Amino acid sequence: MIIASLTTYPKRLKRLKETLPFILNQTLIYDKLCIVIDDNLMENEINEYLKLRELDNRIEILFGENKWRSANKLLVTYKKYPGAIIITCDDDMYYPTTAFQEMYEVWQGNKDCIVAQEINPALIDFMTVKYLNSFDVMLRQKEFGKYLSVCCLFPPYSLEDTDVYNYENFMYVTNGMHDE
């Protein structure tokens with residue numbers, strides 16, 4: 001089973017709706033898109049997310065604890081589907097249609113690895129999509145606080161026998177970033 005997973009919050013719902021076509025139309029056929037939301041949202045906010053299931057029958061809404069923030073895109077989905085290949089993605093990135101396929105193909109030759117796609121943010125210039133050189137992004141990483149990966153593929157059972165659910169250790173290892 002292959003699952004795409006992301007986390008989001010109500011202020012980003014409009015952006016998520018713009019991003020969904022880039023996630024749903026990947027060349028890699030996957031089984032589910034888990035959208036993880038906070039477990040403390042108001043009923044009307046939850047209902048807005050539940051409506052997203054009408055867009056595609058692969059969409060599943062899961063609930064995560066607020067303290068984990070963006071890490072929920074991995075941890076909640078992994079807890080429910082530990083034997084799945086999980087591809088984490090962001091609710092505010094436009095992905096090339098081959099993004100998941102490329103990571104999957106790399107993983108096929110490196111099955112003991114977690115595979116990450118390096119960030120290459122899109123720029124729109126006079127209605128033409130252009131990309132920054134990845135090296136430029138790395139040089140400015142500290143200045144802008146950008147992440148260096150935009151999606152990651154986690155193999156089945158890749159977190160087995162780890163301490164990933166220990167919140168204090170997780171915050172230490174990620175320098176408090178709450179991210180994969």
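Four aromatic pairs are counted in the structure, where rings of Phe, Tyr and Trp (its six-membered ring) pair if their centres lie within 6.5 Å, planes under 30 degrees apart being counted as stacked, over 60 as edge-to-face and the rest as tilted. The rings of Phe 22 and Tyr 94 have centres 4.3 Å apart and planes at 10°, so this pair is stacked. The pair joins distant parts of the chain, since Phe 22 belongs to helix α1 and Tyr 94 to the loop between β4 and α4, 72 residues apart; helices (H or I, at least four residues) and strands (E, at least two) are DSSP runs numbered from the N terminus. Phe 22 is partly exposed at a relative accessible area of 31%, and Tyr 94 is partly exposed at 33%, with buried meaning under 20% relative accessible area, exposed over 50% and partly exposed in between (1.4 Å probe, protein chains only). Tyr 104 and Trp 107 form a tilted aromatic pair, at 5.8 Å centre to centre and with 45° between the planes. These two residues, Tyr 104 and Trp 107, are three residues apart in helix α4 and are thus separated by about one helical turn. Tyr 104 is partly exposed, at 21% relative accessibility, whereas Trp 107 is buried, at 7%. One aromatic cluster is formed by Tyr 30, Tyr 95 and Phe 100.

The model is predicted, so that local features need a pLDDT of at least 70 and side-chain atom pairs count only at pLDDT 80 or more, while totals for chains, interfaces and linings use all residues. Residues are numbered from 1 along each chain as its sequence is written, and side-chain values use heavy atoms, with hydrogens and water left out. The mean pLDDT (the predictor's confidence in each residue, from 0 to 100) is 80 for the protein, and 78% of its residues reach 70 or more. Over residues 132–148 the pLDDT is below 50, and this stretch has 26 contacts in the model beyond near neighbours in sequence, a contact being heavy atoms within 4.5 Å.

The secondary structure comprises seven helices and eight strands, and 43% of the 180 residues in the protein are buried. Of the contacts with a separation of 6 or more, 74% are accounted for by residues 24 or more positions apart.

The largest nonpolar core has 32 residues, and those with the most contacts inside it are Leu 33, Ile 35, Tyr 49 and Phe 100; such a core is a set of buried Ala, Val, Leu, Ile, Met, Phe, Trp, Tyr and Cys residues joined through side-chain atoms within 4.5 Å. At least two residues of this core are supplied by each of β1 (2–7), α1 (13–24), β2 (32–38), α2 (43–51), β3 (59–64), β4 (85–88), α4 (99–108) and β8. Helix α1 gives the most to this core, with five residues. When residues up to four places away in sequence are not counted, Tyr 49 touches Thr 8, Tyr 9, Pro 10, Leu 13, Leu 16, Ile 35, Ile 37, Leu 41 and Ile 61. A second, separate core of 18 residues includes Val 36, Val 76, Tyr 78 and Ile 86.

In α4, the residues Ala 99, Phe 100, Met 103 and Trp 107 are buried. Viewed down the axis of α4, its buried residues fall within an arc of 95° (that of the directions from the helix axis to the C-beta atoms), so they line one face of the helix. In helix α3 (residues 72–80), seven of the nine residues are buried, so this helix is largely enclosed by the rest of the structure. The buried residues of α3 are Asn 72, Lys 73, Leu 74, Leu 75, Val 76, Thr 77 and Tyr 78.

A search of the whole structure finds zero disulfides, a disulfide being a pair of cysteine sulfur atoms within 2.5 Å. The sulfur of Cys 89 is 7.0 Å from the closest cysteine sulfur, that of Cys 151, which is too far for a bond. Cys 89 is buried at 1% relative accessibility, and Cys 34 is likewise buried, with a relative accessible area of 0%.

Most residues other than glycine have a negative phi. Tyr 157, although not a glycine, has a positive phi of about 60° and is found in the loop between β8 (149–154) and α7 (167–173). Asp 161, in the loop between β8 and α7, also has a positive phi, near 60°, and is exposed at 81% relative accessibility.
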